[in-house]
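Please keep the sequence and the structure in view while reading.

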Amino acid sequence: MNARRFAQQIALAAAPALLAGCVDSQSVLNPQSGEAHDLARLFWIFTTVCSLVWVLVVAALLTLLLRRRRPDSTPETDNLEQQSRKTAVVAGLVALTAVILVLFTLGSFYTTRGLIAPGPHPLLIKVTGAQWWWQVEYEDSDPTQVFSTANEIHIPVGRPVTFDLEATDVIHSFWAPNLMGKQDLIPGHRNSLTLTADKPGEYRGQCAEFCGLQHSHMAFLVVAQTPAEFWAWRQAQLKPAAPPASGQQALGQHLFVEGSCATCHTISGAGAGGKTGPDLTHFGSRSTIAAGLMANTPSNLAAWIKDPQELKPGVNMPQVPLSDHDRGAIVAYLEALK
Ligand code: CUA
């Protein structure tokens, strides 16, 4: 890897945090759902008790060391009474340790059990992890209400959301620290996770299980919205793609659908039905490209289409030979898909 490439990779690694705008949007210490509050409480109980124990152990150790270093100190021989008192103290401390460990185990068990208990009338979202992006499908008993998106998950506040988690290739882990604990996505096995967001906000999530070369570039965004905002977003996502509004966009659509893009990507209503890559029906409404790699801007999208391997080495997206003119048309078309 040459110096320029290395610097580029470092900048890309830092980009998601910059994109998130604020450290608070990816932090277990800023819980924004009932489940995350429970986990944060558990964290503070563990931290407080363990810190207290550590301070007591170190204080006892220092006291003994200082006593032994005193020049006038002579080895003492315990009498029977002192010996039995020491034995009682040691037994008490062992029993206290056992009690603390049992309480920790119970606290951890009941808190994590709460994370998989489905709430009443949950919104069902199927999230499928793939190298290195997230397919997001909003489930419904009515097939006309089902739609797909990628890497950006909108949820309503105040309503339980149950995520059904699977993977297509290797094990990934779904984790938006402000909202939930980690849960693995395993090929051939379905896990689930439920949460209820407290208040509107944007929270960054990240794959938390090493899953290959671009593991660190497998981010997602959870957008918690008021029920009315969520409903409006959902209705917009259910619509087919907007038709081209200019000659340039029409050319972009033609190149996309007739060229190799449609082999992997779906644009509903435009005749593109590929399933191996992200659904791009409303691509222009998303804030990032390539699972949180870059902000969704026309110039970033053009750079991404021009050479995906340069920006995210190992990604499945191939380099498609296109003239600048044709690439510009595809960018204009995709960015208009709000
Ligand atoms: Cu997917 Cu790490």
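## Two alanines in a loop

Ala 291 is found in the loop between β13 and β14. Strands such as these (E, at least two residues) and helices (H or I, at least four residues) are DSSP runs, numbered from the N terminus. Although Ala 291 is not a glycine, its phi is positive, at about 60°. At 1% relative accessibility, Ala 291 counts as buried; buried means under 20% relative accessible area, exposed over 50%, and partly exposed in between, with a 1.4 Å probe and protein chains only.

Ala 290 lies in the loop between β13 and β14 (294-295). The phi of Ala 290 is near 60°, a positive value in a residue other than glycine. Ala 290 is buried, with a relative accessible area of 16%.

## Basis of the model

This is a predicted model, in which local features need pLDDT of at least 70 and side-chain atom pairs count only at pLDDT 80 or more, while totals for chains, interfaces and linings use all residues. Residues are numbered from 1 along each chain as its sequence is written, and side-chain values use heavy atoms, with hydrogens and water left out.

## The sheet

Strands of a sheet pair through backbone hydrogen bonds, either parallel or antiparallel. Here, an open sheet of 5 strands has the order β3-β2-β1-β5-β8, with mixed pairing; two strands pair if DSSP finds at least two bridges between them. At the edges stand β3 (147-150) and β8 (191-195), each with a single partner strand, so one side of each is left without a neighbour in the sheet. From one strand to the next, the twist averages 25°. Helix α4 (residues 227-238) packs on the sheet, touching β1, β2 and β3, and its direction makes about 100° with that of β3. Contact means heavy atoms within 4.5 Å, whereas axes are lines fitted to C-alpha atoms, for helices over the stretch in contact, with angles from 0 to 180 degrees between N-to-C directions.

## Strand β1 and its partners

Is strand β1 enclosed or open to the outside? In β1 (residues 123-130), 6 of the 8 residues are buried, so the strand is largely enclosed by the rest of the structure. β1 runs parallel to β5 (residues 161-167), and 7 bridges join the two. With β2 (residues 133-138), β1 pairs in the antiparallel sense over 6 bridges.

Val 127 stands opposite Leu 165 in β5, and its bridge partner in β2 is Val 136. Gly 129 stands opposite Trp 134 in β2. A hairpin joins β1 to β2 through 2 residues. Trp 132 is found in the loop between these strands, β1 and β2, and a cis peptide bond with omega of about -5° joins Gln 131 and Trp 132.

β2 and β3 pair in the antiparallel sense over 4 bridges; Glu 137 stands opposite Ser 148 in β3. Phe 147 and Thr 149 point one way from β3, Ser 148 and Ala 150 point the other way, and all are buried.

## Helix α5

Helix α5 (residues 247-258) has 12 residues, which at 1.5 Å a residue should span 16 Å; the expected span is 1.5 Å times one less than the number of residues. The end C-alpha atoms of α5 are 16 Å apart, which agrees.

Which residues of α5 are buried? They are Gln 249, Gly 252, Leu 255, Phe 256 and Val 257. These buried residues pack against α6 (261-264), β11 (266-267), β12 (272-273) and α9 (324-335).

## Cavity and pocket

The structure holds 1 cavity of 30 Å³ or more. On a 1 Å grid over the protein atoms alone, a cavity is a set of points where a 1.4 Å probe fits but cannot get out, a pocket is an open set with protein on both sides within 12 Å along at least five of seven lines, and lining residues have an atom within 4 Å of a point. Grid points are joined across faces, edges and corners, and a volume is the space filled by probe spheres set on the points. The largest cavity contains about 70 Å³ of space. Its lining residues include Ser 148, Thr 149, Trp 233 and Asp 279. β3, β4 (152-156) and α4 each supply at least two residues of this lining.

The second largest pocket contains about 630 Å³ of space. Of the 34 residues that line this pocket, the closest to its centre are His 265, Gly 277, Pro 278, Trp 304 and Met 317. The elements that give two or more residues to the lining are α6, β13 (288-289), α7 (298-306) and α9.
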